[in-house]
Amino acid sequence: MRWKGPALALLGAAAVAAIAIGFTLSGGGSTTITNASTTATGAGTTSAGDATSNTGTTNTGTGTGTNLITLPEPGQIRLGHRLLVATVDDAVKQSDPALAAGLMKVSHDAGFGAVMVSSMWKPGAQAPSAQDRTTLANVVKAADAEGMEVFVFVWHGLSGATPRTAHARSQFAAYTAALARAFPQIRDFVVGNEPNLNTFWTPQFGPGGRDAAASAYLDMLARTYDALKAVSPHIQVIGGALAPRGSDRPATKRDTHSPTRFIEDLGAAYKASHRSKPIMDAFAMHPYMRTSKLRPTDTHTASTTITIADYPKLAELLAQAFAGTPQRSRDLPIFYTEFGVQTRVPPQHRHAYTDLKSPSAADAVDPQAQARYYREALELAACQPTVKGLFVFHTFDEIDLAGWQSGLYYADQKPKASLPDFRKAAAEARAASLTHCSGVAFVQKR
């Protein structure tokens, strides 16, 4: 979940422009590969600005050692694979079933095949409240009517409620299992939210700068995995949900892990635990760009940042981190469970928003750019072998301008100009006809 305000200080330096490689498909059409990161080592070019992002740390998980994953050969042109296209939006969590149904229909008509909503564990709770059960029941019923899947991410809110003890983490696991028992229709659970940021998880580091967050999150994830599998072995447990950037600097006011370091620490903690079972069925990333003005095709080969175009880096990190363990690693499914591109709010729609003097959306783009970037994000994902879905944050803009205006509808529920193009791209992604691929790059006719 995105959190604005002071958390924006976490964001790193400028991303690198993607490399464009031109070649010709049979038939003579002019084409461009818009992301040239086609090797698992993430080789490519960078800039001085990217090299210093994340406080100058280097990606120790890529670029060296044996390549543990197999990617398609760059010269082999193929169709992109089928993708789940989903929305992350708590707007559909309504006490009024008719209102929930109406909002769900809008999401479905926008092109989404699934919806993800949140459920917040509170310290001491071992089951959802009656109100939570009511709103989630309305979500499930409305989604079923539209033929949409429901994902739930279970989290604890901000860092003050971090489950720091084994007992608290057991309660979190029990709470998640209670959700699964109450709603057997829901088979997909994301555990936690951006545990590599101190906005959501503290402490990040222990004495001497050693990891604290990844090892504690591992314990919560493992307990929740076991609790959910006891409810049904068919439940998909999705771990990670990592933010795309972090500093890796202990003893600062903004202690954070980069996703690179967090994955490495998570793997090390898992191996040290000698656990004989997996901890997850799939891995989640929140591959937001540093600013909405940057294309999703930008790569970060010389830093610890991970966005969509950095898939080779992510895939290799996962393979290395969990190699030799019971955890599936080489082909671990990946979901991009949050991605958003903000748009400016025109005067005729501003009546539906609050906090109108907020500068938080200074990075916003026009709806045409939003549509283009969402399509590019989907095209990239469709060319990445283990990526199963991309979740847009949200269907509807957040009302508070200090929040996120990355929806396909304004806060007054009027559609943006980006909607028709997005709907078309989403339909093609579901039908596996969105794009052609060369390696993990998409090929676009000009």
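These are my notebook entries on a predicted model of one protein chain.

**Entry 1. The chain as a whole**

I began with the overall make-up, and I found nine helices and 13 strands in the protein chain. Of its 446 residues, 59% count as buried, and the chain exposes about 16600 Å², of which carbon and sulfur atoms supply 55%. I then looked at how far along the sequence the contacts reach: among those between residues at least 6 apart, 79% join residues at least 24 apart.

**Entry 2. Helix α4**

I turned next to helix α4, which runs over residues 166-182 and has 17 residues. From its first C-alpha to its last I read a reach of 24 Å, close to the 24 Å expected at 1.5 Å a residue. Which residues of α4 are buried? I listed A168, R169, Q171, F172, A173, Y175, T176, A177, A178, L179 and A180. I also asked what covers these buried residues, and the cover includes the strands β5 (114-120), β6 (149-155) and β7 (188-191), together with the helices α3 (130-146) and α5 (213-231).

**Entry 3. How α4 meets α5**

On the α4 side the contact is made by A166, R169, S170, F172, A173, T176, A177, A180 and R181, while α5 contributes A216, D219, M220, R223, T224, A227, L228 and V231. I noted that the residues of this contact divide into ten nonpolar, three polar and four charged.

I located H394 in the loop between β11 (387-392) and α9 (419-430).

D355 has a positive phi of about 55 degrees although it is not a glycine, and it lies in the loop between β10 (334-339) and α8 (367-382). A432, in the loop between α9 and β12 (436-438), has a phi near 60 degrees, again a positive value in a residue other than glycine. Are these residues buried or exposed? D355 is partly exposed, with a relative accessible area of 38%, whereas A432 counts as buried because its relative accessible area of 18% falls under the 20% cut-off.

**Entry 4. K253 and N198**

Last, I looked up K253, which is found in the loop between β8 (236-242) and α6 (259-273). K253 counts as exposed because its relative accessibility of 79% is over the 50% cut-off. How far is K253 from N198 in sequence and in space? The two are 55 residues apart in sequence, and I noted a separation of 9.2 Å in space, C-alpha to C-alpha.

Note on methods:
Residues are numbered from 1 along each chain as its sequence is written. This is a predicted model: local features need pLDDT of at least 70, side-chain atom pairs count only at pLDDT 80 or more; totals for chains, interfaces and linings use all residues. Side-chain values use heavy atoms; hydrogens and water are left out. Helices (H or I, at least four residues) and strands (E, at least two) are DSSP runs, numbered from the N terminus. The expected span of a helix is 1.5 Å times one less than its number of residues. Buried means under 20% relative accessible area, exposed over 50%, partly exposed in between (1.4 Å probe, protein chains only). Contact means heavy atoms within 4.5 Å. Accessible areas come from the Shrake-Rupley method with a 1.4 Å probe; for residues, only the protein chains shown count as cover. Ala, Val, Leu, Ile, Met, Phe, Trp, Tyr, Cys and Pro count as nonpolar, Asp, Glu, Lys and Arg as charged, and the others, Gly among them, as polar.
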